[in-house]
Amino acid sequence: MPNIKIFSGSSHPDLSQKIADRLGLELGKVVTKKFSNQETCVEIGESVRGEDVYIVQSGCGEINDNLMELLIMINACKIASASRVTAVIPCFPYARQDKKDKGFFDIPVDNLYAEPAVLKWIKENIPEWKNCTIVSPDAGGAKRVTSIADRLNVDFALIHKERKKANEVDRMVLVGDVTDRVAILVDDMADTCGTICHAADKLISAGATKVYAILTHGIFSGPAISRINNACFEAVVVTNTIPQEEKMKHCPKIQVIDISMILAEAIRRTHNGESVSYLFSHVPL
């Protein structure tokens, strides 16, 4: 079987290092530069001939530059005769604009899920989790929250935005009961955080004792941090698909679930030809 090589793009070196550490590997040598005309140049600093190559690049920061860098790195490895190249993309760029993600590709794609890590975090960090309600901040996330609620054996609720008539503010309607319970908002991503902060207010006014938010991808752009600081959250929990160190300095409510072990195990399983679907319901140690 060919050897495995892991390279990091420049979007999230910290996560790439954690993945390599968990696999007991060194990150491959790669140098990315910009030509004077701003084109990206990538030099792979070691032989990848016949190797099974994994390139870790997340869709954050300078998204377009990072996506281009990934494509150039893939191409460089292909030209250098790698036996196989796999892109490991913790936060997939442009996912919001692409509603049929599998239709995008004519190559094998494995989606990975943070749900097992989220369940573990809830049980370990929310003492009253058996008396909680899992809440979706919009109808679109209903499937996600029902799955988590089922696996915790608790209730779920959702917040429905009533279509606004002219000159009216959106009205948020809570469907479900959170009275005297801990409410846990769950969503796939939070960007400017207007919706989740609005939802948190709604839950407190509906009688929730505490409100947590758990979000897979914490983009946190624009006014997000000040909104979270002013909102009534106990904690806003995100995974590290996007670097959070800077944001955490300005917002003590942000807590991070490390998902490097999920990505590392997915890489190990793919390399060994094992099933990746085991990870949909288990957190690797």
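Guide: Let's begin with a side-chain pair: His-271 and Asp-52 make a polar contact through their side chains, at 2.7 Å. Keep in mind that this is a predicted model.

Visitor: Where does His-271 sit?
Guide: His-271 belongs to helix H8.

Visitor: And is His-271 buried or exposed?
Guide: His-271 is buried, since its relative accessible area is 13% and the cut-off for buried is under 20%.

Visitor: Let's move to the sheets. What order do the strands take in the 3-stranded one?
Guide: The order is S1-S4-S5, in an open sheet with parallel pairing. Its edge strands are S1 (4–8) and S5 (84–88), each of which pairs on one side only. Neighbouring strands are turned by 20° against each other on average, ignoring direction.

Visitor: How many bridges hold S1 and S4 together?
Guide: S1 and S4 (residues 52–56) pair over 5 bridges, in the parallel sense. As a landmark, look for Ile-6, which stands opposite Tyr-54 in S4.

Visitor: Which residues of helix H1 are buried?
Guide: In H1 (residues 13–23), Leu-15, Ser-16, Ile-19 and Ala-20 are buried. They lie on the same side of H1, because the arc they cover around the axis is only 135°.

Visitor: What covers those buried residues of H1?
Guide: The cover includes S1, S4 and helix H8 (260–271).

Visitor: What happens just after H1?
Guide: Gly-24 comes there, with a positive phi of about 65°.

Visitor: Now the other sheet. What's the strand order with 7 strands?
Guide: That open sheet runs S8-S7-S6-S9-S10-S11-S12, and its pairing is mixed. From one strand to the next, the twist averages 25°.

Visitor: How do S6 and S7 run, parallel or antiparallel?
Guide: S6 (residues 132–136) and S7 (residues 155–162) run parallel, joined by 4 bridges. Val-135 stands opposite Ala-157 in S7.

Visitor: Which strands does helix H4 lie across?
Guide: Helix H4 (residues 142–152) lies across S6, S7 and S9 (182–190), and runs at about 165° to S6. Helix H5 (residues 194–205) packs on the sheet as well, touching S6, S7, S8, S9, S10 (210–218) and S11 (233–239). The direction of H5 makes about 55° with that of S8.

Visitor: What does Ile-122 touch?
Guide: Leaving out residues up to four places away in sequence, Ile-122 touches Trp-129, Ile-134, Ile-148, Leu-152, Ile-184 and Ile-214. Ile-122 is in helix H3 (residues 115–125) and is buried, at 0% relative accessibility. Ile-184 is 62 residues away from Ile-122 along the chain, and their C-alpha atoms are separated by 9.0 Å.

Visitor: Last topic, cysteines. How many disulfides are there?
Guide: The count is 0, taking a disulfide as a pair of cysteine sulfur atoms within 2.5 Å.

Notes: Residues numbered from 1 in each chain as written. Predicted model: local features only at pLDDT ≥ 70, side-chain atom pairs only at ≥ 80, totals over all residues. Heavy atoms only, no water. Pairing = 2+ DSSP bridges. Helix = DSSP H or I, 4+ residues; strand = E, 2+ residues; numbered from the N terminus. Axes fitted to C-alpha atoms, helices over the stretch in contact; angles between N-to-C directions. Buried < 20%, exposed > 50% of the residue type's maximum accessible area, 1.4 Å probe, protein only. Arc of directions from axis to C-beta. Contact = heavy atoms within 4.5 Å. Polar contact = N/O pair within 3.5 Å; in protein donor to acceptor, adjacent residues only side chain to side chain.
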